[in-house]
Amino acid sequence: MWEASRSILIVASLCLATTCLGQQSPSPSAAKLPPTEGDYVSRDFHFKSGDTLPELRLHYMILGKPDRDAKGKVTNAVLILHGTGGSGRQFLAPQFADVLFGPGQLLDASRYFIVLPDNIGHGKSSKPSDGMHARFPQYDYDDMVAAQREMLEKGLNVSHLRLILGTSMGCMHAWVWGETYPDFMDALMPLACLPVQIAGRNRLWRKMVIDGIRQDPDWKNGDYTTEPRAALQIGADFLLIAGSAPLPMQKSLPTRDAADQYLDDSMKRITATLDANDLLYAVNASRKYDPSAQLETIKVPVMFVNSADDFINPPELGIAEREIKRVKNGRFVLIPVSEQTHGHGTHTWAAIWQQYLKELLVTSSH
């Protein structure tokens, strides 16, 4: 759950909660096309809980330039959504940017207007650790998607998207987008999630993280002055497991000592930049997610992709195959386990699934 920079296995991790741990360095190709960064400030943003923030800041990065038709409508905008604990910057990592954004590639940044937002509670956008701590509004996925749309329309003058591609938490946001704003995009590509309420083991590990943070006496109801050690420890522990995959871990950690050293190093790396409140809010944001009742309302083509070694969304549940039948123009692809897959984090390794993105772009073209 906290992006690639914190751990290679967590790298794209946890989405659901987890997702993408950490940030990776921009790729060489990304350096040739440096992103433009900006902030959109929403005034008096209303959350579904009834809370309001006088100013909600949404940070974003942009690659490319908008193309507009005769009526001034942007025709080439692509929205790419990160996972829990991640940020838009993670998509400049080589395994993503070098595969998709370069000249002649599927999302060539000279042809598309690519928007990479930091969602509420993440990156450089408004979050609990900015100062409000546990008094920050309890946002959920509906709030995050509503803020994304406002940023696009009012901040970037984008009223339609060629594509929404989301990983992990962003995968779930893609389903919410398809149901809430069915005419806003031409296509959806959700990667590494399930279009149902979070339950079973997926809910258990999230609830364990939430309870572990809240029950740490040093958390102090969110008003700590130094990070609560036990809270960070349990959060990092679960992020490591949920974002991992057996094959690459066994290969890279072939001995007990190697595994122990990796754990020690990972704990130091992850907890060095982790904030307990930010993690608590990010994991808890999934609590009301459940797009299952309205899947039939999605109008656009959907290319839904999971990997078979995903701890968070295990294929043996059969949920993806069942639910995709209710999506009018939907297709589900399960990527088999191999030495190239990375568990939940497979969603960030674009070479593994780019062929399906190509198919989606063709079938959804006008």
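What volume does the largest cavity have? The largest cavity has a volume of about 60 Å³.

## Basis of the model

This is a predicted model, in which local features need pLDDT of at least 70, side-chain atom pairs count only at pLDDT 80 or more, and totals for chains, interfaces and linings use all residues. Residues are numbered from 1 along each chain as its sequence is written, and side-chain values use heavy atoms, with hydrogens and water left out.

## Cavities

The structure contains 3 cavities of 30 Å³ or more. A cavity is a set of points, on a 1 Å grid over the protein atoms alone, where a 1.4 Å probe fits but cannot get out; its lining residues have an atom within 4 Å of a point. Grid points are joined across faces, edges and corners, and a volume is the space filled by probe spheres set on the points.

## The largest cavity

Residues that line the largest cavity include Leu 194, Asn 306, Pro 314, Glu 321 and Phe 332. Helix H10 (319–323) and strand E8 (330–335) are the elements that each give two or more residues to this lining, and H10 provides the largest share, 3 residues. Helices (H or I, at least four residues) and strands (E, at least two) are DSSP runs, numbered from the N terminus.

By class, the lining has 8 nonpolar, 3 polar and 1 charged residues. Ala, Val, Leu, Ile, Met, Phe, Trp, Tyr, Cys and Pro count as nonpolar, Asp, Glu, Lys and Arg as charged, and the others, Gly among them, as polar.

## The second largest cavity

The second largest cavity has a volume of about 40 Å³. Among its lining residues are Leu 191, Asn 306, Asp 310, His 344 and Trp 353. Strand E7 (residues 302–307) gives the most to this lining, with 3 residues. The lining divides into 5 nonpolar, 6 polar and 1 charged residues.

Notes
1 Å grid on protein atoms, 1.4 Å probe; cavity = no way out; pocket = protein on both sides within 12 Å on 5 of 7 lines; lining within 4 Å.
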